[in-house]
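Q: Can you walk me through this model? Keep it short, and give me the cut-offs as we go.

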Amino acid sequence: MTLVERAGLWNEDRKSATREAERRMRAGEMSVVRLAFADQHGILRGKTLAASEVDAALKNGVGFTTTMLLKDTSHRTVFPVWQPGGGFDMKELEGAADVIMLPDPSTFRALPWAPHSGWMLCDIYFADGRPMPLCTRHIYRNALKTLGERGYDFMAGLEVEFHLFKVEKAKLGVNDAGQPGEPPEVSLLNQGYQYLTEQRYDEMDPIIEILRTNLVDLGLPLRSFEVEYGPSQLEFTFRAATGLEPADTMVLFRSATKQIAQRNGFHATFMCRPKLPNVMSSGWHLHQSLKDRATHANAFMDANEPLSTVGQHYMAGLLEHARAATAFSTPTLNGYKRYRPFSLAPDRAIWGRDNRGVMVRLLGGPGDSTTHLENRVGEPAANPYLYMASQIVCGLDGLDRKLDPGPSADTPYEAKAPLLPRSLGDALAALHEDKALRAGLGDFFVDYYLKLKQAEIDRFNLEVSDWEQREYFSLF
């Protein structure tokens, strides 16, 4: 029996998708296929197989070491895998044992910038067919299943800011290696501070067109391309989609953008606030609504009110758990530099009608089938599977408890409301105590995530910063 059969996945849809992936590989005369899974940080890892080996991988997957799921953002293994239970009371982690990435044939794509290559996203399983509980795509799929049992599908649209620079020096000298290594030296593509100015767009058009062409050929649902306010800053938006698709799109978009940029002498970064003069923070605004499975209607639309009762309760859940959920929407230490008053980024858990200073912005109105919520809290480095899963869990808790979101905030930076965490440590402390997110994502995963991110904080706290050197070196 194959792994795909042991996992209970070998149904007609899977068989059809497998046949189609195999047909496209042959038609494209591909010599290799990249198999990739999103790790705990939403970064793609994986292996590249000769095309002749892919048929076996579609049935039985490809093994890789479990330590890939136990690393912080410097690629250091956080958990003591040589101890009993792998340092986390899980025998399968001991001794850096293997788990299996199983390709999802419905995600097959040909790489436009490397046409000899195919690309498939993978889910992670144990050899006996059990889903690996640290696989974030499984985490999101479970949240979608719970939502579906309640009669709804999750719909999301992406609005993603990022920076794009020209590489001046790649920093690949023998002394530049490290964990992490030295970042590249870069220069700007524009000077910024001319928001939506066509002249600025035209300055960046040559590389934007290369990005656009490749991303469209990859099959990503692009909507718009904007020059943002900050120097060398862009915003790309994507059409709304349901289920796994928007999260898969975000993972593929980030990885593809970085690869395409690198091949053309540029550096794309989804870091929230790079340490460069006059820089602006980048956010990831997650547009979301629920679709009623029975009627296929937008469950947030009301004929007479700006937002339905379902939408109000769901939004109240987002606000109720905002502090804890930032551990998933803003998972880096750097991301908390963005939460500043009067900056078009939120600093407290409030909502408003078409107000860009609030955390949750209501868009649409009575009878408008496009009515939805825009959560402006996230950073573009977030793992999309965890970001979206956390939204569903929080929103469902609001529905279950019939929570009230309170009045719209007309003065978002003065309204009385819980402040968003000022640091990743504050967010982790809130997550530790949040019963709804623990119930929705599972204690095992939440405790794993807390330990993983705390190790990142501990490592940061051991570093001597430029600020400390300036402040104390001459004074004392």
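A: Cut-offs to begin with: buried means under 20% relative accessible area, exposed means over 50%, and partly exposed is in between (1.4 Å probe, protein chains only). This is a predicted model, so local features need pLDDT of at least 70, side-chain atom pairs count only at pLDDT 80 or more, and totals for chains, interfaces and linings use all residues. Residues are numbered from 1 along each chain as its sequence is written, and side-chain values use heavy atoms, with hydrogens and water left out.

Q: Start with S281. Buried or exposed?

A: S281 counts as buried, at 15% relative accessibility. S281 is found in the loop between β11 (266-269) and β12 (284-292). Helices (H or I, at least four residues) and strands (E, at least two) are DSSP runs, numbered from the N terminus.

Q: Which side chain does S281 make a polar contact with?

A: That of R273, at 2.7 Å. A polar contact is a pair of N or O atoms within 3.5 Å; within protein, one must be able to donate a hydrogen and the other to accept it, and residues adjacent in sequence count only if both atoms are side-chain atoms.

Q: What else is S281 in contact with?

A: Leaving aside neighbours within four places in sequence, S281 is in contact with E161, Q233, C272, R273, K337 and R338. Contact means heavy atoms within 4.5 Å.

Q: Switching to salt bridges. How many are there?

A: The count is 26 salt bridges. The rule is a side-chain nitrogen of Lys or Arg within 4 Å of a carboxyl oxygen of Asp or Glu.

Q: Give me one inside a helix.

A: E20 and R23 form a salt bridge, N to O at 2.7 Å. They are three residues apart in helix α2 (residues 12-27), so about one helical turn separates them. An α-helix has 3.6 residues a turn, so residues three or four places apart point the same way. E20 is partly exposed at 36% relative accessibility. R23 is also partly exposed, at 41%.

Q: And one across separate parts?

A: Take E185 and K171, where the closest N and O atoms of the salt bridge are 3.7 Å apart. E185 lies in strand β8 and K171 in the loop between β7 (152-169) and β8, so the pair ties together parts 14 residues apart in sequence. E185 is partly exposed, with a relative accessible area of 37%. K171 is buried, at 17%.

Q: What about R438, which partner does it have?

A: D447, with the closest N and O atoms 2.8 Å apart. R438 is buried at 14% relative accessible area, while D447 is partly exposed at 32%. There is a network as well: salt bridges with shared partners join D104, D123, R137, R141 and D248.

Q: How covered is α8?

A: Mostly: seven of the eight residues in α8 (residues 322-329) are buried. Those are A322, A324, A325, T326, A327, F328 and S329. The cover includes α7 (309-320), β15 (372-378), α9 (384-401), α10 (424-433), α11 (435-441) and α12 (443-461).

Q: Now L218. Where does it sit?

A: In the loop between α5 and β9 (222-227). L218 is buried, with a relative accessible area of 3%. Beyond neighbours within four places, L218 contacts R109, A110, L111, P112, W113, W119 and A256.

Q: And N214, in α5?

A: N214 lies in helix α5 and is buried at 12% relative accessible area. A polar atom of the N214 side chain lies 2.8 Å from the backbone oxygen of I210. Leaving aside neighbours within four places in sequence, N214 is in contact with P112, W113 and I260.
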